[in-house]
Amino acid sequence: MSATAAARSILNQLHDVMASRSHAQGKLNQVVEIIGETLDSEVCSIYLLREGMLELFATRGLNQSAVHVTRLGIGEGLTGTIAQNIETLNLAEAATHPEFQYVPETGEEKFHSFAGVPIVRRERSIGVLTVQHVEPRRYEEVEVEALQTVAMVLAELIHNAGLADEEGSTAAEAAHSGQEVLSGLQLVKGLASGHAVFHQPRINIEQTVAEDTEAERQRVYLAFDKMREQIEQMAGQAEFGVDGEHEQVLETYKMFAYDEGWSRRINEAIDSGLTAEAAIERVQQRTRMRMREIQDPLLQDRMHDLEDLANRLLRIVSGQLGTAATAGLHGDSILIAKNLGPAELLEYDKRRLKGVVLEEGSLTAHVVIVARAMGIPVLGRVRNARGLIRDGDLLLLDGDAGQLAIRPAQQVLDAFETRFARNREKQATYAAMRDVEPFTRDGTRIEVMMNAGLRDDIPMLSLTGADGIGLFRTEFQFLVSAALPQRDRQTRLYRDVLEAAGDKPVIFRTVDIGGDKSLPYLRSESSREDENPAMGWRALRLALEREGLLKVQARSLIEAAAGRCLNVMFPMVSEPWEFEAARAVFESQVAFLRQCRKTLPEAIRYGVMLEVPSLAEMLDVLVPRVSFISIGTNDLTQFLFAADRANPKLAERYDWVSPAILRFLRRVVLGTIGHPVQLGVCGEMGGRRLEALALLGVGLRRLSITPAAVGPIKELVRKVDMNEIGEAMTGWLANPPPDMRVALQKWAEEREIEVE
């Protein structure tokens, strides 16, 4: 008899048992008889998790007096091992297994062969189904598969009857739900606590036995078609995959999506009498068990890909395609996802979303850029987060240390709350700086501006007391759009930003896309070939190539700023001619709109981002032509050190207070003295207290930083004497200390200036 036939034979009989009016105990007594007879097995037993122990609940072949008497702990004996590891055992001689434990009252001493499968609900064992035989023999694969299918149906019966412990209510659950600490990549720093919410909620299968096999098969066929269509579209999604691996991941997805073996196994499970959802879950359970036996990391990754596709197929066939954002958050939440797009993140309620944990993710991912702007801590590359975290688990996210505590012990929670309280006290101090002008001790006025990129960022201007928006990233609108934003949409956004900012200046950076920010609807053949996207065909280079793109944006900005001053900044300028070419595009649109008798801005001030080192060699040519220069420390640092900022192995070389960086910045400062040009920094460096101290030391007077950093930096500024830090920095740059960071910290400590 095949596995399908054996399972169908048992399920057909179980269907009648489950539909009968007999009590749950009676039903289980019938179940063990049916299984034993169908598989010609002398013993069939069901153990259920009760009060943290596995209790013998029904048996055919063992002593009936042992029912409700024999109890095994999780991990105790063969049955306890199956429950603990959620694994299948198939032994010709049970006594040879290292975990074998003889239970006298059952009368099992005469039985030699043993096979057992876990009864699983929501990925946790709620019981164990076992069979035994007098003669030493391994059970056939078809018999074990039939047991696994039956165990799945039993899980529904057991749950509906309330026979097993509810999740989290037992000592066994407590043992499996103790504290765990996972490490990950710091993507956005900060502290957060909240309950776990899965971006794509897990599907709970309520009906396992099919009433119409052909109807279930058609549901699966349609779901496969839809899933394959989604896979074909993935190649064009900006957020699919990380670190250039997306093509490899996509090929793996395609391999599984079109794998006849996978679809055949699901069809066989349907043939055995399962619903479409239960069949997918049945095959998925088998895959999970195989994953636990695989040692090869590459094969494990491929199995994780199959798990991800199975979840996708399950959501499609069940019609539950929405995310947690659709249902809404009901309290302080930390979002768990494999990966996330920026538009998906923006769907969540910012009042309740406290943090994000990703199994993938990189420093340059679009979602990280948006999360940083929203002030939401993000931890990435947390391996198997979705497998180890349960829906509703309390989580402590430490974005500063790159750690995530799951179900924290009380002492860990207390320590975290203490840190959180200190952090809130600091935030209260910083919030009080809103209406305080950032003058240094010697009376130097420092401009502290904020970075933005979303319409929702603008209220932070008044909340933080920032002097203006020193960097408005216009590409955010492009990143969260499914198609190229039309001119009227762009104009509306820019006008809204200017109106909300009031009298405070806003510097719009023209779209910085391409390279690592490739968009599915706007691709360049050259950008696809970039081996190093950060240094590739991106930003102004791409915009000048696609002149229509820059023309539309120029016209949108000019129309939006009618009657106001418009500040425009061009990214990744490497030579003055690029600046002139970009300005010419804007001036041509000014001329066109003038002919159309449109109201023009009262003035247009042009500036550049200095992030390519070559531009510093042309300062004498550039400075007379621009109104302002903003140093982009993120890209500048990686270009100077030839160190990819997304590569963890190069983290120590990506040092913002290296004498090399500070000497470079000092040279730029000196190169602008005597010219009516505003020089500032718009990058993460300016938002960190110690690094900001270094920037003040080299002579910079304008910082544009994340809104969350405005208060801390204003508070720092008021404690610094510019003459003192300038003199100290001059000495350090002339004769660099062994560790510039240590030297700065010591200098600050001597003056009771907190820089951490």
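Reader: How many aromatic pairs does a search of the whole structure find?
Author: Rings of Phe, Tyr and Trp (its six-membered ring) pair if their centres lie within 6.5 Å; planes under 30 degrees apart count as stacked, over 60 as edge-to-face and the rest as tilted. This is a predicted model, in which local features need pLDDT of at least 70 and side-chain atom pairs count only at pLDDT 80 or more, while totals for chains, interfaces and linings use all residues. Residues are numbered from 1 along each chain as its sequence is written, and side-chain values use heavy atoms, with hydrogens and water left out. The number of aromatic pairs found in the whole structure is 7.

Reader: Y494 and F508 form an aromatic pair; how many degrees lie between the planes?
Author: The centres of Y494 and F508 are 5.5 Å apart. The pair is edge-to-face, and the angle between its planes is 65 degrees.

Reader: How many residues apart in sequence are the parts that Y494 and F508 tie together?
Author: Helices (H or I, at least four residues) and strands (E, at least two) are DSSP runs, numbered from the N terminus. Y494 lies in helix α18 (residues 487-501) and F508 in strand β17 (residues 506-509), so the pair ties together parts whose separation in sequence is 14 residues.

Reader: Is Y494 buried or exposed?
Author: Buried means under 20% relative accessible area, exposed over 50%, partly exposed in between (1.4 Å probe, protein chains only). The relative accessible area of Y494 is 0%, so Y494 is buried.

Reader: Which residues form one aromatic cluster?
Author: F570 and F586 are both buried. The one aromatic cluster consists of F570, F579, F586 and Y606.
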